[in-house]
Amino acid sequence: MIQIAVVSGKGGTGKTILTASLATLLSQDKVLIDADVDAANLSLLLSPTDLKTQEFRGMDGAVIDTKSCIGCGICAEACVYDAIQKVGEIYEVVPYRCEGCGTCTIVCPEDAVSMKSRITGMIHYADTSAGPLLYGSLTPGSGNSGLLVHRLRQEAGLLHPDVPLVLIDGPPGIGCPLISTITGIQIAILVTEPSTSAQSDLQRLITLCRSFRVRMFLVINRSDVNQNITEDILQVAAENEILVLGLIPFDRTVLNATRQGVPVTRMSGAASEAIHEITQNLSQELDHI
């Protein structure tokens, strides 16, 4: 099984557009994972049929037994996250502020506070013409995004143990969700664009992927918007021995395809042609793994 994650140092570089196109163009049987659990939108381009949803429970959260609470307020004073507030004569936990540290359970003189499992998101199982799709959605304000990514990958492995390819639409940035995404994968496709911020974020992404011993490929989206920065990025790729799969030019067809909810490769245009070439280059590399 080969696991490929399409990732980017910053949001908005075209990562999901590329992932959706690769999903439809790569010939291997595959399972798809949208690991951008804070803003999962791969499903918007693949018209999935939802099969089922399952509750996701992250870290335990504090719960106050209102019958045992004497209203002393010690728990609220001890909570550094300001997650406990007075309501009338007693105290209650504000769930989205609770970080699950458990300090309140230690300081409560009446043992009125306990830690309990809580639902912090959902796992969605769906089917698409490109293969089965798993994606997550976090409850607004909830943390545990890295844990949810881990759970999605775990579920994909259990449900489809013999699939030859796992294609992951990774989260932007270099935080816990990305670390959970690239742990144990073979290939990361780094998607960037010629902007100063993207160039800076790319360098951090390369450093992180290298520390996880992940083989890296590079795609530069909207590469003709700033030729000077594109040249700088290509130089960075050369210095880090990262194979450039291809450059995608700015193309308004991408916007039209996104509005219609389809991969851009289903339309004619410069971006579509470039992604077809990128897919061919990737397929050639996969043949050698």
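**Close-up views of a predicted model**

**View 1. The Glu193–Lys10 salt bridge.** Glu193 and Lys10 are both buried in this predicted model. Their side chains form a salt bridge with an N to O distance of 3.1 Å. Glu193 sits in the loop between β11 (187-192) and α7, and Lys10 in the loop between β1 (2-8) and α1, so the bridge ties together parts 183 residues apart in sequence. Arg222 joins Lys10 and Glu193 in a network of salt bridges.

**View 2. The Lys15–Asp36 salt bridge.** The side chains of Lys15 and Asp36 meet at 3.9 Å, N to O. Lys15 belongs to helix α1 and Asp36 to the loop between β2 (30-34) and α2 (43-46), 21 residues apart. Lys15 is buried at 6% relative accessible area, and Asp36 counts as buried at 10%.

**View 3. Thr19 in helix α1.** Thr19 lies in helix α1 (residues 15-25) and is buried, with 0% relative accessibility. Its side chain reaches the backbone oxygen of Lys15 at 2.8 Å. Leaving out residues up to four places away in sequence, Thr19 touches Val6, Leu42, Leu167, Ile168 and Asp169.

**View 4. The largest nonpolar core.** This core has 37 residues, of which Val7, Ile182, Leu190, Cys209 and Leu218 touch the most other members. Helix α7 (residues 196-211) contributes the most, with five residues. Contacts of Val7 beyond four places in sequence include Leu178, Ile182, Leu190 and Leu205. A second, separate core of 36 residues includes Leu133, Ile187, Val191 and Ala257.

**View 5. The Glu55–Arg57 salt bridge.** Glu55 and Arg57 meet through their side chains at 3.4 Å, N to O. Glu55 is partly exposed at 41% relative accessible area, and Arg57 is partly exposed at 40%.

Terms used
Residues are numbered from 1 along each chain as its sequence is written. This is a predicted model: local features need pLDDT of at least 70, side-chain atom pairs count only at pLDDT 80 or more; totals for chains, interfaces and linings use all residues. Side-chain values use heavy atoms; hydrogens and water are left out. A nonpolar core is a set of buried Ala, Val, Leu, Ile, Met, Phe, Trp, Tyr and Cys residues joined through side-chain atoms within 4.5 Å. Buried means under 20% relative accessible area, exposed over 50%, partly exposed in between (1.4 Å probe, protein chains only). Helices (H or I, at least four residues) and strands (E, at least two) are DSSP runs, numbered from the N terminus. Contact means heavy atoms within 4.5 Å. A polar contact is a pair of N or O atoms within 3.5 Å; within protein, one must be able to donate a hydrogen and the other to accept it, and residues adjacent in sequence count only if both atoms are side-chain atoms. A salt bridge is a side-chain nitrogen of Lys or Arg within 4 Å of a carboxyl oxygen of Asp or Glu.
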